[in-house]
Amino acid sequence: VAGSWLARRAVRPLEAALGLQRRFVADASHELRTPLTLLSTRAQMLRRRLHSDADPTLRADVDGVVVDAERLAAILDDLLLAADPRTTVPDTRVDVAELAGEAVAAAAPAAQAERITISASATGWAVVLGSPAALRRALTALADNAIRHAATEVAVAVSVTAGSVLVEVTDDGPGIDEEMLPRIFERFASTDDSRGGGPRRYGLGLALVNEVVDRHGGRVSAANGAAGGASFRLELPRVPGAPG
């Protein structure tokens, strides 16, 4: 009896912290919904007002804003679902190769600003069951992390095995501190800046990636490359019966 009481007492602070985290996510997502809806509406109105002979670059930028607003709305919906312990991960069929291409396209401007080359490649029918918004968020976070630490190049490769979809994001940066590897997916594992050859910086991004992958029944790992740089590897359950 005493052991059971002590166990419940020890777990109670963790339950309170988890409840607080879920309330924060739900409240923040709810408060962001209205301004995001207004942003999306204004972007769509701006796109409709553009003349057909407008600068193609301008039209492409406006289209990008509309798409980004729609994706942010999907992310908010996914966060609200994740904050509710009664919900399960959606069973939508998701083409991971397509999501990887979208993540690379979204990260391209940031990569260009840092003079980094980013590319995506895919082989096989990389289809999983899950939330498109959550998986897109995870891939975007990995691409963003790689760009921040790369020297010249980032590569996102999607491949398949008999039962899994694999995503590997590699960069040619300084690599990961060996002491950091065991806790790299913990929240706020490090906040040091990585630019200028210093140690790599980690905060919430990789922890969120780990949570998303875990919700989808997969796993994520990190390692240093033999020739330098870092590699992050996602493994997700492949849709049963998918063609090879």
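The structure is a predicted model, in which local features need pLDDT of at least 70 and side-chain atom pairs count only at pLDDT 80 or more, while totals for chains, interfaces and linings use all residues. Residues are numbered from 1 along each chain as its sequence is written, and side-chain values use heavy atoms, with hydrogens and water left out.

The secondary structure comes to 5 helices and 7 strands; here helices (H or I, at least four residues) and strands (E, at least two) are DSSP runs, numbered from the N terminus. Read from the N terminus on, the elements follow the order α-α-β-α-β-β-α-β-β-α-β-β. The protein has 244 residues, of which 33% count as buried. Buried means under 20% relative accessible area, exposed means over 50%, and partly exposed lies in between (1.4 Å probe, protein chains only). Among the contacts with a separation of 6 or more, 67% are between residues 24 or more positions apart, a contact being heavy atoms within 4.5 Å.

Next comes the sheet. Five strands form an open sheet in the order E2-E4-E5-E7-E6, with mixed pairing. Two strands pair if DSSP finds at least two bridges between them. In general, strands of a sheet pair through backbone hydrogen bonds, either parallel or antiparallel. Strand E2 (117–122) and strand E6 (219–224) stand at the edges with a single partner strand each, so one side of each has no neighbour in the sheet. From one strand to the next, the twist averages 15°. For such angles, axes are lines fitted to C-alpha atoms, for helices over the stretch in contact, and angles run from 0 to 180 degrees between N-to-C directions.

The pairings can be followed across the sheet. E2 and E4 are parallel partners, joined over 6 bridges, and Ser119 stands opposite Ala155 in E4. E4 and E5 run antiparallel and are joined by 7 bridges, with Val160 having Val165 in E5 as its bridge partner. A hairpin of 3 residues links E4 to E5.

Helix H5 (residues 205–215) touches E6 and E7, and its direction makes about 20° with that of E7. The buried residues of H5 are Leu206, Ala207, Val209, Val212 and Val213; their cover includes H4, E6 and E7. Just after H5, Gly217 takes a positive phi of about 75°. Helix H3 (residues 96–113) lies across E2, strand E4 (153–160), strand E5 (164–171) and E7, running at about 175° to E2.

The loop between H3 and E2 holds Arg115. Most residues other than glycine have a negative phi. Arg115, although not a glycine, has a positive phi of about 60°. With a relative accessible area of 77%, Arg115 is exposed.

H3 also takes part in the second largest pocket, as do helix H2 (56–83) and helix H4 (132–149): these elements give two or more residues to its lining. The pocket holds about 260 Å³ of space. On a 1 Å grid over the protein atoms alone, a pocket is an open set of points, where a 1.4 Å probe fits, with protein on both sides within 12 Å along at least five of seven lines, and lining residues have an atom within 4 Å of a point. Its lining includes Asp68, Arg71 and Leu72, along with Glu102, Ala103, Arg136 and Arg137. By class, the lining has 5 nonpolar, 1 polar and 5 charged residues. Here Ala, Val, Leu, Ile, Met, Phe, Trp, Tyr, Cys and Pro count as nonpolar, Asp, Glu, Lys and Arg as charged, and the others, Gly among them, as polar.

Gln44 lies in helix H1 (residues 2–49) and counts as partly exposed because its relative accessibility is 28%. Gln44 and Ala69 are 25 residues apart in sequence, with 9.8 Å between their C-alpha atoms. Gly64 has its place in helix H2 and is also partly exposed, at 27% relative accessibility. From Gly64 to Ala43 the separation is 21 residues in sequence and 9.5 Å in space, C-alpha to C-alpha.

Terms used
Points joined across faces, edges and corners; volume = space filled by probe spheres on them.
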